[in-house]
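Reader: I have a model open and would like to go through its interfaces. Can we take them one at a time?

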Amino acid sequence: MIRIVSFFMDLIDIPMRHAQRYLRGHSIAWVFLFPNLVLFGLFAFLPILLNVAYAFTGTDNIMLWDRTYVAGENFAALTACSNYLDANSCELDLFWRSVHNTLLFIVLQVGIMVGVSLVTALILNRRIRARGFFRSVFFFPVLLSPVVVALIWKWILQRNGLMNAGLEQLGLERVVWMLDRNWAFAWSVFLSVWAHMGFYTLILLAGLQAIPRDVYDAATMDAAKPFRTFYRITLPLLMPTMLVVMVLALIKGVQTFDEVYAFTGGGPGSATTLIIQYIYETGFAGAPRLFGLASAASIILALVLAALTFLQLKFTRRNADG
Amino acid sequence: MAKAIDFLTRTRGHGKLHWTDWFTYAYLLFGILLMFGPVVWLVMSSFKTDAELDRFPPRFLPYAAQTVELEGYSKPLPLYKVVSGELAGETVAQVRRIGLTSQVVRLDAPDQIVKIGLKDREPIERISIATENYTNLFSKFDFLRFFWNSTFITVVATVIMLIVNSMAAFALAKYKFSGRAAVMAMVIGVLMIPQTVVLVPLFIVTKELGMLDSLWGVIVPGAATPTGIFLLRQYMLTIPDEILDAARMDKASEWKIYWRIVLPLSAPAIAVLAILAIMWRWNDFLWPLIALSRSDNFTLQLALNSFQGEMTTQWSSLLAMTVLTLLPVALVFAFLQKYIATGIASTGGK
């Protein structure tokens with residue numbers, strides 16, 4: 001494998017030498033950038049433009065020239081609601097249900113995630129034995145694929161599963177978790193926290209370890225109580241990292257799809273249908289394929305994500321400067 | 001034992017265990033259970049027979065009924081120990097079960113059927129690993145095909161990504177050309193366009209390029225990542241320019257400088273990026289779900305997901321397949337977890 005790659009890479013040298021002769025100075029850089037820019041152009045920038053074009057055109061034709069211009073009709077359809085808090089009052093109730101689900105999902109998921117990750121990072125930051133081992137214990141699920149995560153928990157939560165056996169041991173009734181709207185939602189949040197908390201713990205731990213020791217030494221000198229030390233030193237100094245973690249978790253939380261889709265399929269009913277699943281089903285899984293509607297929903301999502309990413313870059317930069 | 005406890009409870013520096021130390025270790029123990037437990041349970045379950053999987057409450061170890069082959073019966077018969085009634089204490093083989101009675105035979109008299117109540121017998125079981133869950137994957141399902149698809153996509157996409165991204169990173173790190181700032185801004189721009197928000201047009205571009213429903217349609221659209229450029233560029237900036245200038249003195253071409261000097265020197269960063277790329281590709285789900293429609297082309301993740309719809313009752317195959325899907329990742333984790341941790345911490349995920 002490496003030999004084949006190596007052979008071709010040496011072959012590229014011949015045209016590159018010619019190119020070098022014609023290009024002056026540092027312009028050769030463009031040759032190196034070329035493949036990457038083509039890929040970015042085709043699969044990132046062109047799609048963004050097309051997305052807008054599709055969002056403003058109607059019919060279920062795939063080809064752009066077969067589609068008719070409908071102005072803001074798709075956006076109007078998406079936002080046609082008499083009461084935004086009640087999905088049933090909307091023209092596209094499923095869209096709003098998915099928006100509500102996603103909002104509730106990220107509020108719960110990000111809140112719990114940041115809390116649990118913080119506690120875990122604080123504990124890992126104590127003087128403990130085998131810290132490297134414990135760090136990787138919490139990190140391990142991050143590597144698992146979303147489908148595997150979903151199946152692991154589905155197996156535990158099935159009717160005759162481990163969880164129900166545990167409940168029966170405690171003298172409680174068995175629950176058919178996946179058929180109950182609230183339980184299915186709660187477990188979706190849980191498994192998503194389970195799968196990703198290791199990642200945020202890692203970042204918070206790095207933030208904790210960056211706090212200089214002598215600040216704590218000074219606090220010990222002044223005989224500060226542990227809780228006071230935490231509130232007055234650890235938390236303020238960790239705040240920049242916390243902000244980054246929160247925004248990162250939000251960006252990823254809004255885009256949650258894989259594990260929840262494989263876990264519940266969006267059900268029961270539409271109880272766990274999130275926004276990406278709505279886009280996927282509107283554009284690809286249903287018939288007719290409503291590309292315009294899916295694109296319009298994507299653009300709304302893109303705006304939210306762009307704002308969040310902007311925040312992330314700002315916080316990260318401030319961290320790097322500070 | 002006492003030594004082990006002593007080892008675990010020893011604290012660094014302090015003499016005595018504070019209650020917070022107890023809390024710490026309790027938390028960590030709970031963490032091990034919660035993080036590894038489900039995976040261990042999955043692996044254990046994947047070795048169980050269908051009958052054992054249906055059992056409630058479930059048991060930890062995979063048991064299977066012991067069977068015996070007797071003359072005159074085509075199938076092996078399950079063995080039971082009789083606990084009460086006439087035959088109490090004897091070992092019998094069950095021929096068939098009708099309602100609440102069970103027709104059994106003694107092992108030494110296989111043609112003499114005796115009827116006993118279901119409550120009078122207990123199955124004789126032993127720990128046995130149901131390897132047929134795994135072998136079925138190869139005989140009944142096209143497991144190797146999915147495995148090959150996943151492997152092909154992962155390997156090829158990772159190689160392409162490393163080459164393309166390292167070329168761009170090299171250009172951005174080592175040349176001062178007009179437009180560099182613009183290109184950097186562009187890369188950040190791409191960072192702001194996650195795949196999830198351009199699904200429809202991405203689908204159409206891929207379709208127009210004739211790559212839809214082929215493995216290339218999964219490989220190419222994600223072949224260049226802004227994360228990769230940032231990671232590699234950051235590392236390449238630390239390579240001193242003097243080395244490049246020395247090579248230029250020796251009439252090395254710019255391509256040779258990239259391929260023979262800068263790339264080998266960036267090996268640590270390349271390794272981190274390679275591990276990340278392998279993980280992303282192996283676990284990728286949403287884009288393959290859209291780009292691939294024939295089940296011949298399915299990756300392992302897609303196959304798992306589509307089978308769980310079809311095989312709600314066939315947990316035995318599903319569990320075995322899940323284990324095989326997570327196996328490569330578990331191996332990577334076991335050997336390379338240090339790199340992964342640093343890689344992820346420095347790139348902020350995807």
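Reader: Start inside chain A. How many residue pairs are in polar contact between domain 1 and domain 2 of chain A?
Author: This is a predicted model. Between domain 1 of chain A and domain 2 of chain A the count is one residue pair in polar contact, with both residues at pLDDT 80 or more.

Reader: And how many salt bridges across that interface?
Author: Zero salt bridges are found between domain 1 of chain A and domain 2 of chain A.

Reader: Where are the bounds of the two domains in chain A?
Author: The domain assignment puts domain 1 of chain A at 2-55 and domain 2 of chain A at 93-321. Taken over C-alpha atoms, their centres are 37 Å apart. The contact involves four residues from domain 1 of chain A and six residues from domain 2 of chain A.

Reader: What area is buried between them?
Author: About 390 Å² is buried between domain 1 of chain A and domain 2 of chain A, and carbon and sulfur atoms give 69% of that.

Reader: Which residues of domain 1 lose the most area there?
Author: On the side of domain 1 of chain A they are A:Asn51, A:Tyr54 and A:Ala55, which together make up 89% of what that side buries. By class, the side of domain 1 of chain A that touches domain 2 of chain A has three nonpolar residues, one polar and no charged.

Reader: Switching to the two chains. How many residues does each bring to the contact?
Author: Chain A brings 101 residues and chain B brings 107 residues.

Reader: What area do chain A and chain B bury?
Author: About 9,700 Å² between them, with 77% of it on carbon and sulfur atoms. In chain A, the residues that lose the most area to chain B are A:Phe32, A:Arg129 and A:Trp155, together 9% of what that side buries.

Reader: How many salt bridges between the chains?
Author: The count between chain A and chain B is three salt bridges. One of them joins A:Arg126 to B:Asp21, with the closest N and O atoms 2.7 Å apart. As for polar contacts, 18 residue pairs are found across the interface of chain A and chain B, both residues at pLDDT 80 or more.

Reader: Which helix of chain A gives the most to the side touching chain B?
Author: Helix 2 of chain A, residues 29-55, gives 20 residues to that side.

Reader: And what is the makeup of that side by class?
Author: The side of chain A that touches chain B has 71 nonpolar, 15 polar and 15 charged residues.

Terms used:
Residues are numbered from 1 along each chain as its sequence is written. Chains are lettered from A and ligands numbered from 1 in the order in which they are written. This is a predicted model: local features need pLDDT of at least 70, side-chain atom pairs count only at pLDDT 80 or more; totals for chains, interfaces and linings use all residues. Side-chain values use heavy atoms; hydrogens and water are left out. Contact means heavy atoms within 4.5 Å. Buried area is the accessible area (1.4 Å probe) that two parts lose on being put together, summed over both. A salt bridge is a side-chain nitrogen of Lys or Arg within 4 Å of a carboxyl oxygen of Asp or Glu. A polar contact is a pair of N or O atoms within 3.5 Å; within protein, one must be able to donate a hydrogen and the other to accept it, and residues adjacent in sequence count only if both atoms are side-chain atoms. Helices (H or I, at least four residues) and strands (E, at least two) are DSSP runs, numbered from the N terminus. Ala, Val, Leu, Ile, Met, Phe, Trp, Tyr, Cys and Pro count as nonpolar, Asp, Glu, Lys and Arg as charged, and the others, Gly among them, as polar. Domain bounds come from an automatic or database domain assignment.
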